[in-house]
Every structure is written in C-alpha cells, then in structure tokens.
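User: I would like to learn how to read the packing features of a model. Could we take them one at a time, with the general idea and then the case at hand?

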Amino acid sequence: MFASRLAASSRTASARLFSSAAPAAESTSRRALTTVATLTGAAALAYSVSLTSSSAVHADTEAEGLHPPHYPWNHKGMLDAFDHASIRRGYQVYKEVCAACHSLDRIAYRNLVGVSHSLDEAKALAEEMEFVDGPNDQGEMFNRPGKLSDYHPKPYPNEEAARAANAGAYPPDLSLMVKARHGGEDYIFALLTGYCDPPAGIEIREGLNYNPYFPGGAIGMARNIYDEVVEYEDGTPATAAQIAKDVTTFLAWAAEPEHDERKLMGLKAVILLTGMSAFSLWLKRFKWSLLKSRKIVYKPMN
C-alpha cells in the first residue's frame with residue numbers, strides 16, 4: 001500500500017517537473033531568439049549609419065577642406081608655455097611676409113614688450129610706422145611716429161581697396177585667426193604648407209590656387225612660404241616648415257596673449273588650494289578629535 005502511494009507520488013512529481021520544464025525551455029528559446037534578432041538589427045543599423053556617415057564625410061571633404069593632421073605644439077601641454085623665441089621669429093615673418101595683406105588689429109606694440117622684444121626694440125618697431133593724429137592747434141591732422149600704445153596699422157584703408165588689390169578676395173585680420181578656424185594651429189600650419197597641384201579632374205580658375213586644406217580647395221592667397229623667404233636674426237635655418245611653424249606660434253600667441261599668465265595663475269591656484277585642503281584635513285583630524293571622541297555618561301542621582 002505504502003509502496004504504491006510512493007510510486008504514484010513520484011510519477012506525479014516527475015510529470016510536474018517535465019510539465020514545468022517544457023515552458024521554461026520554450027521561454028528560454030524565445031528569449032534567445034529575441035536577443036539574436038535585436039543584436040542583428042542593431043548591427044544592421046550601425047552598419048547603415050557608418051556607411052551614411054562615411055559618405056557624408058567624403059561628400060563634405062571638398063566643401064569643408066581636408067582635416068589637418070595633429071602636430072605636437074610646445075604650448076599645448078597643461079603646464080607648457082609659448083616658445084618666445086619662436087614668437088619673435090614668427091613676428092618677423094608676419095612683418096616681412098604677411099603684413100603686406102593681412103592686418104593685426106588687436107595687437108599693439110606694447111603687447112610685444114617682455115614677450116618677444118624688449119622695451120627699446122618695441123619702441124623702435126613702433127617708430128618705423130607713421131600714424132595719422134590730431135587735430136593740432138590749427139585743427140589739422142598730421143602724421144607722427146608710432147608709439148607703444150598704437151596698434152599695428154592696416155595694409156589697406158578699407159575692405160573695397162583690399163578686395164581690389166587681391167582679385168576680389170578679402171584678406172582677413174589675423175589677430176584671432178587661430179581661434180576662428182577649426183583645428184587652430186594645426187589648420188594654419190597645414191594651410192601654409194599644403195599648397196600643391198590640383199589632382200586630375202579638378203580645375204582651378206585663373207587667379208586661384210589649389211590647397212586641399214582650404215574649404216572648397218580653391219584659395220585666393222598664393223603660396224608665400226618658401227625656404228629662405230626670410231633671414232632669421234638668430235641664425236635659425238629658415239626652411240618652409242620652420243617659417244610656417246614660427247608664424248603659426250606667433251598667431252596662436254596673438255589670439256591668446258594671456259596664455260602663459262593664465263596657466264601660471266592656474267598653477268598657483270592649484271598649489272594654494274592643495275595646501276588649504278591639507279590644512280583643513282589636519283584641522284578636522286586633530287583639532288576636532290577631542291570633540292569627536294568624547295563620551296557623555298549619564299549618572300542618575302540616588
């Protein structure tokens with residue numbers, strides 16, 4: 001009797017086990033199929049997006065210009081300052097090559113003092129130029145030698161004159177050029193050294209030059225950076241790459257003259273805040289230890 005009941009209960013348990021295992025297996029297979037379908041759809045979507053983005057990049061390369069490579073600039077580190085010798089050489093390149101067409105409105109001669117030139121040198125550079133001032137006692141304007149407070153003069157009196165002298169192209173101001181262009185210093189350097197013959201199938205109209213880093217590929221500015229186009233005062237070999245690097249460094253400084261002072265101030269702030277944090281930790285750990293470790297005991301009075 002007992003044996004028959006035990007056998008019946010075991011058969012019932014087995015039936016329940018197999019009946020519950022079947023839905024579990026079916027649910028597991030459904031989940032696996034759902035997961036596979038989801039992953040397949042996601043992979044197909046990612047592939048289609050990659051194809052679309054790559055085609056968009058290729059389509060925009062001609063319109064936006066070739067993306068410039070990254071160069072290891074000396075002033076890009078967290079605690080790195082500008083190469084001031086390079087700034088001085090770059091100013092010489094700007095003065096002898098770039099200033100004939102491009103202005104530098106936001107840089108005064110006094111900004112050069114202590115950065116690339118001494119006080120007397122900056123005064124001599126300013127006095128080389130003549131500025132219109134006045135009126136005098138007779139109410140007339142007059143020309144005078146430049147002063148440290150004067151800003152670099154514009155090469156053209158107005159935009160129309162600039163366009164007329166450059167076949168319709170307007171040479172932009174270079175004060176903030178590094179900040180105004182995507183890629184910054186990398187773009188400026190690549191543009192100055194990237195002139196080449198147009199590839200087959202691309203025609204450049206007369207008066208323009210081909211440069212793959214310029215949006216559209218056709219640029220009105222001719223190539224002006226060659227080997228030995230300037231003779232450096234300090235004897236540095238004036239290769240085209242060195243000249244482009246120096247003038248790019250100068251333009252990077254012109255766009256951010258406070259660069260070195262800002263990093264120095266940040267370093268001082270980090271040192272000061274670190275010391276204050278350490279002092280605060282010591283004050284909390286030791287000065288307040290008596291209050292944190294005290295024990296209050298209640299003694300009832302009998």
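Analyst: Start with contacts, meaning heavy atoms within 4.5 Å. Among contacts in the chain with a separation of 6 or more, 61% are between residues 24 or more positions apart. This is a predicted model, so local features need pLDDT of at least 70 and side-chain atom pairs count only at pLDDT 80 or more, while totals for chains, interfaces and linings use all residues. Residues are numbered from 1 along each chain as its sequence is written, and side-chain values use heavy atoms, with hydrogens and water left out.

User: How many helices and strands does the chain have?

Analyst: Helices (H or I, at least four residues) and strands (E, at least two) are DSSP runs, numbered from the N terminus. The chain has 9 helices and 4 strands. Read from the N terminus, their order is α-α-α-β-β-α-α-α-β-β-α-α-α.

User: What share of the residues counts as buried?

Analyst: Buried means under 20% relative accessible area, exposed over 50%, and partly exposed in between (1.4 Å probe, protein chains only). Of the 302 residues of the chain, 26% are buried. Helix α6 (residues 185-193) has 8 of its 9 residues buried, so it is largely enclosed by the rest of the structure. Its buried residues, which include Y187, F189 and L192, pack against α5, β4 (218-219) and α7.

User: How is a pair of aromatic rings described?

Analyst: The description uses the distance of the centres and the angle of the planes. Rings of Phe, Tyr and Trp (its six-membered ring) pair if their centres lie within 6.5 Å; planes under 30 degrees apart are stacked, over 60 edge-to-face, and the rest tilted. The count here is 7 aromatic pairs. W73 and F189 form an edge-to-face pair, because their ring centres are 6.1 Å apart and their planes at 80 degrees. This pair links distant parts of the chain, 116 residues apart: W73 is in the loop between α1 (2-64) and α2 (84-98), and F189 is in helix α6. Both W73 and F189 are buried.

User: Why is the pair of F250 and W253 called tilted?

Analyst: Their centres are 5.9 Å apart and their planes at 35 degrees, so the pair is tilted. Both residues lie in helix α7 (residues 240-255), 3 residues apart, about one turn of the helix. An α-helix has 3.6 residues a turn, so residues three or four places apart point the same way. F250 is buried at 0% relative accessible area, and W253 is buried at 3%. Ring pairs also join F250 and W253 with Y91 and Y94 in a cluster.

User: Which residues have the most contacts inside the largest nonpolar core?

Analyst: In soluble globular proteins, nonpolar side chains tend to be buried together. A nonpolar core is a set of buried Ala, Val, Leu, Ile, Met, Phe, Trp, Tyr and Cys residues joined through side-chain atoms within 4.5 Å. The largest one has 42 residues, and V93, Y109, F250 and W253 have the most contacts inside it. α7 supplies its largest share, 10 residues. Leaving out residues up to four places away in sequence, F250 touches I87, G90, Y91, Y94 and L104.

User: How many disulfides are there?

Analyst: A disulfide is a pair of cysteine sulfur atoms within 2.5 Å. The count is 0 disulfides. For C101, the nearest cysteine sulfur belongs to C98 and is 8.9 Å away. C101 is partly exposed at 27% relative accessible area.
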